[in-house]
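Student: Can you walk me through this structure? Keep it short, please.

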Amino acid sequence: MRTKSTGKKKINIVTLGCSKNVYDSEVLMGQLEANGKKVVHEEKGDVVVINTCGFIDNAKEESINTILEYVELKNQGVVEKVFVTGCLSERYKPDLIREIPDVDQYFGTRDLPILLKHLGADYKHELVGERLTTTPKHYAYLKISEGCDRPCSFCAIPLMRGNHISTPIEKLVIEAQKLAKKGVKELILIAQDLTFYGLDIYKKRALGELLQELIKVEGIEWIRLHYAFPTGFPEDVLDIIRTEPKICNYIDIPLQHINTELLKAMKRGTTFEKTNALLDKFREKVPDMAIRTTLIVGFPGETEEKFEELKQWVRDQRFDRLGCFTYSHEENTTAYVLEDNIPDDVKQSRVEEIMEIQQQISWEKNQEKVGKIFKCIFDRKEGDYFVGRTEYDSPDVDNTVLVPAKDVYISIGEFANVKITSAEDFDLYGELV
């Protein structure tokens, strides 16, 4: 057992799950630093705070394994205290207290002031937009709202994050200005649902108005939209994407499925016809737009025939980016009363079939880029290459542009024009021009 440190204790924040959790961890770290605490992200520390994900089975398993790993380190005397926060803790707190009692304290998603108290810190209301970013210095997530009012039958997010609450435009502008002063060039707008933004505080959809204010922030060159719900999408946003150079020609819009019967069972508020009409509108208004979507396979009642319909639709739509997940049968969701009647191996094989189709589409679309010049931002150097992205690519989930480092130097976080010389399924290779 190690000797207890007599110096200032180091607090290690461990983040699991999605970009919304990344954002929450950054806010926590900013509060701790403002209180004079020594804080690190996923490094060694005396006190550990695990920000968990509880969305689907795989995420829950990862969160539980991480908690157990740090509890073991605590029992060995390597760390002094282990605190758990985030979605898993919000959703399963009584079960976690019973099953893993060696954790010092569990906190929910809305317990930041209480968590800070346990860490010897006070919540500072004046820290609007102050946070310690954990992403590379040139891009950052901007969470524009919390929670969700949608009734999707498969989704546990409202159970963990509560109802939709928009952050006022003026606060988001202040936050964007502070990020820009720190060198952030790309803002990635995130929420459980961007489409709903503003309805609660302005009594209308106000995503377009928010974008019009954010583009005025000096230093921000790219603004990217993630997680826009299809039903009720505000069409004025499409005009802004088309006309404003700072708004990336990119949208992440999770569609989940295309079979009307399954969409009804999922409580998505849309149909085959409405979904296709929306996609047609996107492409009509912004012909150069890259559309990213996510799909769920193996939802109760997804017959082979309905799955074939989904596959054909993926072939027909030729999405620029696509992710696919197996249905997770989540307790306390309205779909939980349905029989989870698709075997796991069938679910997994369906994911693989969809991704095989998408891989071919991605390869074909990438071949069309060969010989063309794109403005890219460079995130890192990896091995023999500088790794960048076009405006059509979000970090960590989309394609990359690789430029050989042998003959050139590119500053990380800077923009450069790249001519694409060759392309694979998900990577583009190029040279500076």
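Student: What should I know about the model first?

Tutor: It is a predicted model: local features need pLDDT of at least 70, side-chain atom pairs count only at pLDDT 80 or more, and totals for chains, interfaces and linings use all residues. Residues are numbered from 1 along each chain as its sequence is written, and side-chain values use heavy atoms, with hydrogens and water left out.

Student: OK. How is the protein chain divided into domains?

Tutor: Into domain 1 (10-119), domain 2 (139-368) and domain 3 (372-432). The bounds come from an automatic or database domain assignment.

Student: What separates the centres of domain 2 and domain 3?

Tutor: A distance of 25 Å, taken over C-alpha atoms. Their contact takes 23 residues from domain 2 and 25 residues from domain 3. Contact here means heavy atoms within 4.5 Å.

Student: On to the sheet. What is the strand order?

Tutor: The order is 6-9-10-11-12-13, in an open sheet of 6 strands with parallel pairing. Two strands pair if DSSP finds at least two bridges between them. Strands (E, at least two residues) and helices (H or I, at least four) are DSSP runs, numbered from the N terminus.

Student: Which strands stand at the edges?

Tutor: Strand 6 (139-143) and strand 13. Each has a single partner strand, so one side of each is left without a neighbour in the sheet. The twist averages 20 degrees from one strand to the next. For such angles, axes are lines fitted to C-alpha atoms, for helices over the stretch in contact, and angles run from 0 to 180 degrees between N-to-C directions.

Student: Give me the bridges, pair by pair.

Tutor: Strand 6 and strand 9 (residues 186-190) are joined by 5 bridges, with Leu-142 opposite Leu-189 in strand 9. Between strand 9 and strand 10 there are 4 bridges, and Ile-188 stands opposite Arg-224 in strand 10. Strand 10 connects to strand 11 (residues 247-252) through 2 bridges; Ile-223 has Ile-247 as its bridge partner there.

Student: And the rest?

Tutor: Strand 11 and strand 12 share 3 bridges, with Asp-252 partnered by Arg-292 in strand 12. Strand 12 and strand 13 pair over 6 bridges, where Ile-296 has Phe-325 as its partner in strand 13.

Student: Which way do the side chains of strand 10 point?

Tutor: Trp-222 and Arg-224 point one way, Ile-223 and Leu-225 the other way, and all are buried. Buried means under 20% relative accessible area, exposed over 50%, partly exposed in between (1.4 Å probe, protein chains only).

Student: How many residues of strand 12 are buried?

Tutor: 8 of its 8 residues. Ala-290, Arg-292, Thr-294 and Ile-296 point one way, and Ile-291, Thr-293, Leu-295 and Val-297 point the other way.

Student: Which helices lie across these strands?

Tutor: Helix 6 (residues 169-181) lies across strand 6 and strand 9, at about 170 degrees to strand 6. Helix 13 lies across strand 12 and strand 13, at about 175 degrees to strand 13.

Student: What span should helix 13 have?

Tutor: Its 24 residues (344-367) should span 34 Å at 1.5 Å a residue, and its end C-alpha atoms are 35 Å apart, which agrees. The expected span is 1.5 Å times one less than the number of residues.

Student: What covers its buried residues?

Tutor: The cover of helix 13 includes strand 12 (290-297), helix 12 (304-317), strand 13 (321-326), strand 17 (415-423) and strand 18 (427-432). Among the buried residues of helix 13 are Arg-350, Ile-354 and Lys-365.

Student: New topic. Is His-164 buried or exposed?

Tutor: His-164 is buried, with a relative accessible area of 5%. His-164 lies in the loop between helix 5 (157-161) and strand 8 (165-166). Its side chain makes a polar contact with the side chain of Ser-166 (2.9 Å).

Student: What counts as a polar contact?

Tutor: A pair of N or O atoms within 3.5 Å; within protein, one must be able to donate a hydrogen and the other to accept it, and residues adjacent in sequence count only if both atoms are side-chain atoms.

Student: Where is Asp-393 found?

Tutor: In the loop between strand 15 (385-389) and strand 16 (400-404). Asp-393 counts as buried, at 1% relative accessibility. The side chain of Asp-393 makes a polar contact with the side chain of Arg-321 (2.7 Å).
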